[in-house]
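I opened this notebook to record what I looked up in the structure shown below. The entries follow the order in which I made them.

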Amino acid sequence: MRYSRTTLAATLACLAAPAAARDLNAGTIRISHPWARETAPSQSVGGGYLSLTNKGRQPDRLISATSPAAREVQIHSMSMDRGVMRMRRLTGGVAIPAGATVAMAPGGLHIMLVGLKAPLKRGAMIPAQLSFERAGTIRIAFKVEPVTAQGPGGSHHEQH
Ligand SMILES: [Cu+2]
């Protein structure tokens with residue numbers, strides 16, 4: 001009994017691992033834990049987050065993204081402007097210096113899914129493609145997490 005219980009626990013741990021740590025590689029770029037925040041039915045935009053590590057010796061750049069789940073995918077930054085958090089579209093993409101990790105997280109850089117075709121439902125995997133200047137294009141999937149995931153920051157998306 002004890003043995004089988006241990007085996008079950010080990011099996012569950014193995015099954016859980018890929019979902020918890022979905023790391024993908026595009027050339028020398030490692031993409032860690034892409035996730036998106038659950039959206040309300042009235043919301044037309046959603047935020048996507050991940051971190052990008054450049055393991056190479058050359059700088060790279062995330063230049064664009066697409067997703068069948070949204071009309072358009074943009075790269076945004078957030079910063080304080082006279083006490084108000086403001087989003088800005090980064091048309092030039094995001095630089096990823098050699099050896100650096102760029103975190104795209106609530107309150108900072110993020111991927112904005114604009115014109116959602118359906119609400120992002122908790123637990124769903126949202127397919128997307130990221131294009132890098134050097135590393136090329138890679139398919140990823142954002143795992144949809146609860147609205148409360150990783151602190152506040154979802155409300156800024158209502159500004160769109
Ligand atoms: Cu945004």
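**Entry 1: Salt bridges**

I began with E72, which forms a salt bridge with R89, the closest N and O atoms being 3.0 Å apart. The term stands for a side-chain nitrogen of Lys or Arg within 4 Å of a carboxyl oxygen of Asp or Glu. The pair links distant parts of the chain, with E72 in strand β5 (residues 70-81) and R89 in strand β6, 17 residues apart. Strands here are DSSP runs of E with at least two residues, numbered from the N terminus.

Before going further, I noted that this is a predicted model, in which local features need pLDDT of at least 70 and side-chain atom pairs count only at pLDDT 80 or more, while totals for chains, interfaces and linings use all residues. I also noted that residues are numbered from 1 along each chain as its sequence is written, and that side-chain values use heavy atoms, with hydrogens and water left out.

I then looked up the accessibility of the two partners. E72 is partly exposed, with a relative accessible area of 28%, and R89 also counts as partly exposed, at 44%. In these entries, buried means under 20% relative accessible area, exposed means over 50%, and partly exposed lies in between (1.4 Å probe, protein chains only).

How many salt bridges does the rule give? The count comes to four.

I next turned to D81, whose side chain meets that of R82 in a salt bridge at 3.4 Å, N to O. D81 also forms a salt bridge with R86, at 3.1 Å, N to O.

Is R82 buried or exposed? I found R82 to be exposed, because its relative accessibility is 78%. D81 counts as partly exposed at 28%, and R86 is partly exposed with a relative accessible area of 43%.

**Entry 2: The copper ion**

Which residues are the protein donors of the copper ion? I found H76 (ND1), M87 (SD) and H110 (NE2), lying 2.1 to 2.2 Å from the ion. Donors are N, O and S atoms within 2.8 Å of the metal (3.2 Å for Na, K and Ca); water is not among the atoms, so sites may look incomplete.

In sequence, the donor residues are spaced H-x10-M-x22-H. M87 in strand β6 (residues 84-89) and H110 in strand β9 (residues 110-116) link distant parts of the chain, 23 residues apart.

M87 counts as buried because its relative accessibility is 19%, and H110 is buried at 0%.

Key: Helix = DSSP H or I, 4+ residues; strand = E, 2+ residues; numbered from the N terminus.
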